[in-house]
Amino acid sequence: MGNRESLKGSADSLGLDLHEELLKFHEKYYSSDLMKLVVCGNQSLDQLTKWVAEKFSEIQRKDDARAICSVHPLGKEQVGRIVHFESLTDRCIVRLVFALPEIKALYRCNAIEYAVSLLTRQGKGSLISYLKAQGWATDVAAETDSLLCSNFNHLYIDITATPLGLQNYKEIVRALFVYLQQITKDGPSERYYNELCIIKKLKFENYEKKAQAPWVLKLAEAIHNRYILPEDVISSNDLLGPFDSS
């Protein structure tokens, strides 16, 4: 990721030709076995199938040239660092990034969904209720990265800080870790998990029609998860399985 200036500058410093390296990357990784396709349209299934065959059948298969990360990109040298940058907007964000092992196989119990729900809840005793009371923050959001990542994951926690909160960002971080320690001490709550399951099931059963593009993108990402069973592809991001305290 980057722009022409940053990419070309990095390539030049390594004595590489950026254009040639991009061509090599395309030649190696533009492979049909690394791609997943979801098509949505008003046309008949036969017509959609015909179009897919016409447009994509010429893409070559290169026998799984997938790039595998043998180590997590956030190693000992990367964690524990503080990075400050000036935003073009007037929003103040305190972001914490946690290194996680691969969690894609756990899509049924989805411990991360459970943790994200606890981190972002609004009720009494929540993280955001404390931060608001101190005048430090207005919102807490959390998410994991895309299913397209291989052999690793990240957890991102974004706290929208006030100007006062930005001045006291260390206190915000301290409050977050205290909250995480409390969650760990309390352990998984089957009652809370089952409530979360019911809410997600109701949303799934009463799904509101939305734009097609985000929906097909979500399905394509789900198919990339080799652990998801075919019958779970559509619901894998929306339903939770039985409670598992482990």
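**View 1. Lys-24 is an exposed residue in this predicted model.** Its relative accessible area is 53%. That value is over 50%, so Lys-24 counts as exposed rather than partly exposed. Lys-24 forms a salt bridge with Glu-21. The closest N and O atoms of the pair are 3.5 Å apart. Both residues belong to helix H2. They sit 3 residues apart, about one turn of the helix. Glu-21 is partly exposed, at 28% relative accessible area.

**View 2. Arg-174 and Glu-171 are joined by a salt bridge.** The N to O distance is 2.6 Å. Helix H7 holds both partners. Their spacing is 3 residues, about one turn of the helix. Arg-174 is partly exposed, with a relative accessible area of 46%. Glu-171 is also partly exposed, at 32%.

View 3. Glu-195 is partly exposed, at 37%. Across the whole structure, a search finds 7 salt bridges.

**View 4. Leu-37, Val-39 and Phe-56 form a nonpolar surface patch.** Together the three residues have about 250 Å² of accessible area. Leu-37 lies in a loop. That loop runs between helix H2 (18-29) and helix H3 (45-56). The relative accessible area of Leu-37 is 43%, which makes this residue partly exposed.

**View 5. The largest pocket has a volume of about 1100 Å³.** Its lining is made up of 30 residues. Nearest the centre are Arg-81, Ile-82, Val-83, Arg-95 and Leu-96. Strand S1 (92-100), strand S3 (153-161) and helix H7 (169-186) each supply at least two lining residues. Which of the elements gives the most to this lining? Strand S1 does, with 8 residues. By class, the lining of the largest pocket has 17 nonpolar, 6 polar and 7 charged residues.

**View 6. The second largest pocket has a volume of about 940 Å³.** It is lined by 34 residues. Asn-110, Glu-113, Thr-144, Ser-236 and Asn-237 are the closest to its centre. Two or more lining residues come from each of helix H4 (111-120), strand S2 (137-144), helix H8 (190-205) and helix H9 (212-224). Helix H8 provides the largest share, 5 residues. Sorted by class, the lining of the second largest pocket has 17 nonpolar, 7 polar and 10 charged residues.

**View 7. Arg-95 sits in strand S1.** This residue is among those nearest the centre of the largest pocket. Arg-95 is partly exposed, with a relative accessible area of 45%. How far is Arg-95 from Ile-234, C-alpha to C-alpha? The separation is 31 Å. Along the chain, the two residues are 139 residues apart.

Definitions and conventions. Residues are numbered from 1 along each chain as its sequence is written. This is a predicted model: local features need pLDDT of at least 70, side-chain atom pairs count only at pLDDT 80 or more; totals for chains, interfaces and linings use all residues. Side-chain values use heavy atoms; hydrogens and water are left out. Patches are made of residues with over 30% relative accessible area and no salt bridge: like charges are joined within 9 Å, nonpolar side chains (Val, Leu, Ile, Met, Phe, Trp, Tyr) within 5 Å. Accessible areas come from the Shrake-Rupley method with a 1.4 Å probe; for residues, only the protein chains shown count as cover. A salt bridge is a side-chain nitrogen of Lys or Arg within 4 Å of a carboxyl oxygen of Asp or Glu. Helices (H or I, at least four residues) and strands (E, at least two) are DSSP runs, numbered from the N terminus. Buried means under 20% relative accessible area, exposed over 50%, partly exposed in between (1.4 Å probe, protein chains only). On a 1 Å grid over the protein atoms alone, a cavity is a set of points where a 1.4 Å probe fits but cannot get out, and a pocket is an open set with protein on both sides within 12 Å along at least five of seven lines; lining residues have an atom within 4 Å of a point. Grid points are joined across faces, edges and corners, and a volume is the space filled by probe spheres set on the points. Ala, Val, Leu, Ile, Met, Phe, Trp, Tyr, Cys and Pro count as nonpolar, Asp, Glu, Lys and Arg as charged, and the others, Gly among them, as polar.
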